Amino acid sequence: MDSNGGGVFWLQVDQTVYTENCEQKCTCYETGQVDCEKVECPAQHTCLMKDGVRGCYRLEGVCSVTQGRKLVTFDDQPTEVTVPGMYVLASVCNESAATWFRALAQFSPCIEGGELGISALFIHFGGAFIAVTADGNGWVSTSVIDGWVLDIDSCNHLASAQ
């Protein structure tokens with residue numbers, strides 16, 4: 001089978017592959033015939049190579065923090081932080097995984113009016129952490145301090161309070 005790029009694919013019987021841009025899906029049959037059909041990745045999917053297999057894979061969710069205390073979760077549900085404190089924005093559940101990380105946000109009241117906003121962000125990974133505060137200071141550490149929380153009493157939040 002000749003690919004759009006001029007290369008050659010060698011397929012096993014009953015093997016199905018996607019072309020580089022996932023515009024075609026090709027299957028090899030016992031007869032040696034290879035049939036290709038035009039395809040399009042469905043909504044919320046993109047053409048990727050995962051574990052050596054190209055295909056249309058569902059886009060990973062995105063968690064976002066906007067306008068002070070408003071959050072949009074990975075399942076696209078809007079929510080609002082109403083209580084000051086440290087919140088986990090995202091984390092890999094398996095703490096022993098090589099790709100483990102945890103992203104946290106410290107929500108603190110603004111002195112003016114008491115509205116909540118992000119006063120610091122923390123990212124923990126592989127025995128280290130990065131911290132960034134609303135006043136622009138940042139720290140990088142190669143040792144994790146359990147229970148460390150930076151308490152900032154300021155209205156200069158990374159995302160403005162709403």
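Student: What share of the 162 residues in the chain is buried?
Tutor: Buried means under 20% relative accessible area, with exposed over 50% and partly exposed in between, using a 1.4 Å probe and protein chains only. Here, buried residues make up 27% of the 162 residues. Keep in mind that this is a predicted model: local features need pLDDT of at least 70, side-chain atom pairs count only at pLDDT 80 or more, and totals for chains, interfaces and linings use all residues. Residues are numbered from 1 along each chain as its sequence is written, and side-chain values use heavy atoms, with hydrogens and water left out.

Student: How do I read strand pairing?
Tutor: Two strands pair if DSSP finds at least two bridges between them. Take the open sheet of three strands, in the order β1-β2-β3, with antiparallel pairing. Its edge strands are β1 (16-18) and β3 (34-38), and each pairs on one side only. From one strand to the next, the twist averages 20°. For such angles, axes are lines fitted to C-alpha atoms, for helices over the stretch in contact, and values run from 0 to 180 degrees between N-to-C directions.

Student: How many bridges link β2 and β3?
Tutor: Five bridges, in the antiparallel sense, with β2 covering residues 24-28. Find Lys25, then look across to its bridge partner in β3, Glu37.

Student: Where do the side chains point in a strand?
Tutor: In a regular strand they alternate between the two faces of the sheet.

Student: Which residue in the turn between β11 and β12 has a positive phi?
Tutor: Gly126, at about 45°. The hairpin of β11 and β12 has two residues between its strands. Six bridges join β11 (residues 116-125) to β12 (residues 128-133), and the two run antiparallel. Phe125 stands opposite Ala128 in β12.

Student: What does β12 do with β13?
Tutor: They pair in the antiparallel sense over four bridges, with β13 spanning residues 138-141. Ile130 has Val140 in β13 as its bridge partner. This hairpin has four residues between the strands, and Gly136 takes a positive phi near 90°.
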